[in-house]
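User: I'm new to this structure and would like to learn how to read helix packing and ring pairs. Can you walk me through it?

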Amino acid sequence: MDTFIQTLPFVVAISLLVSGVVRLRRFLFIASFLVLIGACLFALIAYGSSAAFSFMGCFVLLYGLTCIVLSRRLPASRFVSRDGLGAIGALFFFLGLAGMMML
């Protein structure tokens, strides 16, 4: 049950990202970043050790992959550009990889 409670904020952040980009809602797009930061802080506090970085790294990597996939499916008339969302996705992808490698 603890894993589900710790996973839920990350799932909410990814779903906010998808709905914000697909429905053209800038507030949801920005809120997804804030929820992701809150989810990382919550996981760090809940774990209390460096094992949280591996847990967070998996979801940050998934968040980055979602950004990359969404950037390829965007039309040109969105509030965020394809290249910008792809760059955000690449950043989160590499941050997720780095988080997964921490001990």
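Analyst: An axis is a line fitted to C-alpha atoms, for helices over the stretch in contact, and angles run from 0 to 180 degrees between N-to-C directions. Helices are DSSP runs (H or I, at least four residues), numbered from the N terminus. This is a predicted model, where local features need pLDDT of at least 70, side-chain atom pairs count only at pLDDT 80 or more, and totals for chains, interfaces and linings use all residues. Residues are numbered from 1 along each chain as its sequence is written, and side-chain values use heavy atoms, with hydrogens and water left out.

User: How do α2 and α4 lie relative to each other, and which residues make the contact?

Analyst: Two packed helices are described by the angle between their axes and the distance between the axes. Here, helix α2 (residues 26-47) and helix α4 (residues 82-101) have axes that come within 14 Å and cross at roughly 10°. That makes α2 roughly parallel to α4 (under 35 degrees counts as roughly parallel, over 145 as roughly antiparallel, 65 to 115 as roughly perpendicular, the rest as oblique). Contact means heavy atoms within 4.5 Å; Phe 29, Phe 33 and Leu 36 of α2 meet Leu 85, Ile 88 and Phe 92 of α4.

User: And what about α2 and α3?

Analyst: Their axes come within 8 Å and cross at roughly 160°, so α2 and α3 are roughly antiparallel to each other. Among the residues in this contact are Phe 33, Leu 36 and Tyr 47 of α2, with Phe 55 and Tyr 63 of α3.

User: How do I read a ring pair, say Phe 29 and Phe 79?

Analyst: A pair of aromatic rings is described by the distance of the centres and the angle of the planes. Rings of Phe, Tyr and Trp (its six-membered ring) pair if their centres lie within 6.5 Å; planes under 30 degrees apart count as stacked, over 60 as edge-to-face and the rest as tilted. The structure holds 10 aromatic pairs. Phe 29 and Phe 79 are edge-to-face, at 5.5 Å centre to centre with 75° between the planes. They sit 50 residues apart, Phe 29 in helix α2 and Phe 79 in the loop between α3 (51-72) and α4.

User: Is Phe 29 buried or exposed?

Analyst: Phe 29 is buried, at 8% relative accessibility, while Phe 79 is partly exposed at 26% (buried means under 20% relative accessible area, exposed over 50%, partly exposed in between, with a 1.4 Å probe and protein chains only).

User: Which residues form the aromatic cluster?

Analyst: Phe 29, Phe 33, Tyr 63, Phe 79 and Phe 92 form one aromatic cluster.

Key:
Helices (H or I, at least four residues) and strands (E, at least two) are DSSP runs, numbered from the N terminus.
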